[in-house]
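Colleague: I'm new to this one, could you walk me through it?
Modeller: Gladly, let me put it up and then take your questions one by one.

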Amino acid sequence: MTQKERYAFVLKYFEEHAPNAETELIYDNPYQLLVAVILSAQCTDKRVNMTTPAIFAQYPDVYALSRATFDDLFPLIRSISYPNNKTKHLIGMAQMVVEDFNGEIPATVPELIKLPGVGRKTANVITSVVHHQPNMAVDTHVFRVSARIGLTTNAKTPLQTELQLLKHIPKEKVHVAHHWLILHGRYICVARSPKCGECGLRPACKYYAKLIKAS
Ligand code: SF4
């Protein structure tokens, strides 16, 4: 199977089986999504979704959050990984959005990555989920699944994975492909023991082909 055929198979499979894949983070607007994505670093979406309702109730918009003190916000974040840093990042992010962006969450990657707690991955998530821009956020699931299937070759960093995926995935499909790969990694192609027996991508998967060859 050529690389072109592999991509075609994988994209067609996901289009048929998960046409409306979307983030599992619960949010109502770009502000809430940005807070949730910052909190989700090294943490499950499930845990974040348990935490955000209290934050959004107390801080309904970026202005409210920009006025929070560390001691106000920290107790609401305590149960999440890295609560110290995330508390500082959220307040810093809100202050910068108010001061430098008129209270509007920026809509471009270069602007977003200026905000505290926002790296390339988070900026790619926000711009692809909110604005459907063709930006591919590479988290641990996207990195692993892409490598196993063979969508990437010798990618050593998330950036290399991102660039290889963007070369092959049509622009209009990038924003949903991000969710396809994440959800596949979360539920089927899991880190320790991928559930190949349940996976419809077997005919295109390099990892599976090697498994079969070795057995
Ligand atoms: S066949 Fe196995 S390794 Fe390949 S994508 Fe599916 S679950 Fe992952």
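**A cysteine site and a helix pair**

Modeller: Before anything else, please keep in mind that this is a predicted model.

Colleague: Where does C189 lie?

Modeller: C189 sits in the loop that runs between α11 (171-187) and α12 (206-214). Setting aside neighbours within four places in sequence, C189 is in contact with V145, R148, H184, P194 and C199.

Colleague: What feature does UniProt place at C189, C196, C199 and C205?

Modeller: The UniProt record, an unreviewed entry, gives "binding site" for these four positions. They span 17 residues in sequence, yet no two of their C-alpha atoms are more than 10.9 Å apart, so they gather at one spot.

Colleague: Switching topic, at what angle do α9 and α11 pack?

Modeller: Helix α9 (residues 140-149) packs on α11 at about 85°, with the axes 8 Å apart, which means that α9 is roughly perpendicular to α11.

Colleague: Which residues make that contact?

Modeller: From α9 they are H141, V142, R144, V145 and S146, and from α11 they are H178, L181, I182, H184, G185 and R186. By type, the residues of this contact divide into four nonpolar, five polar and two charged.

Terms used: Residues are numbered from 1 along each chain as its sequence is written. This is a predicted model: local features need pLDDT of at least 70, side-chain atom pairs count only at pLDDT 80 or more; totals for chains, interfaces and linings use all residues. UniProt positions are given in the numbering used here, feature names are shortened, and annotations may be inferred rather than shown by experiment. Helices (H or I, at least four residues) and strands (E, at least two) are DSSP runs, numbered from the N terminus. Two residues are in contact if their C-beta atoms, placed from the backbone, lie within 7 Å. Axes are lines fitted to C-alpha atoms, for helices over the stretch in contact, and angles run from 0 to 180 degrees between N-to-C directions. Angles under 35 degrees count as roughly parallel, over 145 as roughly antiparallel, 65 to 115 as roughly perpendicular and the rest as oblique. Ala, Val, Leu, Ile, Met, Phe, Trp, Tyr, Cys and Pro count as nonpolar, Asp, Glu, Lys and Arg as charged, and the others, Gly among them, as polar.
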